[in-house]
Amino acid sequence: MSMGYLVGEEAPVVWRGLMVMKALQQLLWEVEWGGLDILVMDLPPGTGDTQLTITQQVVLDGAIVVSTPQDVALKDAVKGVEMMRKVNVPLLGMIQNMSIFNCPNCNHTTHIFGSEGVNKACEKHDVPFLGDIPLHASICDDADRGKPTVVAEPESPRAKAFTAIAERTAKTIGL
């Protein structure tokens, strides 16, 4: 389920306050989710009303904070970590997104956004490090086709990175 299904394809979601809360209520309580073992909610960075409402109205097994390794992104990510602590939501860990780029032409690898930002933040804030997701065009292409990388290319290093993170998370919450 996505907020994108509730508005036109090119329409911005320029909702505030009560409209956001009503949409969130509908998403949480009126969508027929069926039997779920896990519900992943991908939220924008920040510590606003949406995040706070979720922590107050849903029993959470934990939160995962995702960030690129660069300092500016990590500042928001750390605020998310501290918010979860303040509202007593267990931190399952952090993921470093777009951690490395492997050139498809020359096979050279480079850390476009830095290499150790999330690892250092995990150490500093005593949060488990769950893993790295590489920067790769296929991840975007797979998503655009509606096939997650773990389905489209299950043996690829990218899929293995996602799978390892999922397995660590499942083990942490007892699945």
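I looked up the handedness first: H3 passes H4 in a right-handed crossing. I note that the model is predicted.

**Entry on H3 and H4.** I looked up the axes of H3 and H4 and found that they come within 11 Å and cross at roughly 30 degrees. Angles under 35 degrees count as roughly parallel, and H3 is therefore roughly parallel to H4. I then listed the residues in contact: Leu-74, Val-78, Glu-82 and Arg-85 on the H3 side, with Gly-117, Val-118, Ala-121 and His-125 on the H4 side. Sorted by class, the contact of H3 with H4 has 4 nonpolar, 2 polar and 2 charged residues.

**Entry on H3 itself.** Helix H3 runs over residues 71-86 and has 16 residues. I looked up its reach from first C-alpha to last, which is 22 Å, close to the 22 Å expected at 1.5 Å a residue. I recorded Leu-74, Ala-77, Val-78, Gly-80, Val-81, Met-83 and Met-84 as the buried residues of H3. Their cover includes H2, strand E1 (63-67), strand E2 (91-102) and helix H4 (117-125). Just after H3, I noted a positive phi of about 60 degrees at Asn-88.

**Entry on H1 and H2.** I turned to helix H1 (residues 17-29) and helix H2 (residues 49-57), whose axes come within 11 Å and cross at roughly 40 degrees. H1 and H2 are therefore oblique to each other. The crossing of H1 past H2 is right-handed. In H1 I find Val-20, Met-21, Leu-24, Gln-25 and Trp-29, which meet Asp-49, Thr-50, Thr-53, Ile-54 and Gln-57 in H2. By class, I record 5 nonpolar, 4 polar and 1 charged residues for the contact of H1 with H2.

**Entry on Ser-99.** I located Ser-99 in strand E2. Ser-99 counts as buried because its relative accessibility is 5%, and the cut-off for buried is under 20%. Leaving out residues up to four places away in sequence, I found that Ser-99 touches Pro-69, His-111, Gly-114, Asp-132, Ile-133, Pro-134 and Leu-135.

**Entry on Gly-174.** I located Gly-174 in the segment after helix H7 (157-173). Gly-174 has 64% relative accessibility and therefore counts as exposed, the cut-off being over 50%. I also looked up its separation from Asp-61: Gly-174 and Asp-61 are 113 residues apart in sequence, and 9.8 Å apart in space from C-alpha to C-alpha.

Conventions
Residues numbered from 1 in each chain as written. Predicted model: local features only at pLDDT ≥ 70, side-chain atom pairs only at ≥ 80, totals over all residues. Heavy atoms only, no water. Axes fitted to C-alpha atoms, helices over the stretch in contact; angles between N-to-C directions. Helix = DSSP H or I, 4+ residues; strand = E, 2+ residues; numbered from the N terminus. Parallel < 35°, antiparallel > 145°, perpendicular 65-115°, else oblique. Left-handed = near helix turned anticlockwise from the far one by under 90°. Contact = heavy atoms within 4.5 Å. Nonpolar A, V, L, I, M, F, W, Y, C, P; charged D, E, K, R; others polar. Expected span 1.5 Å × (residues − 1). Buried < 20%, exposed > 50% of the residue type's maximum accessible area, 1.4 Å probe, protein only.
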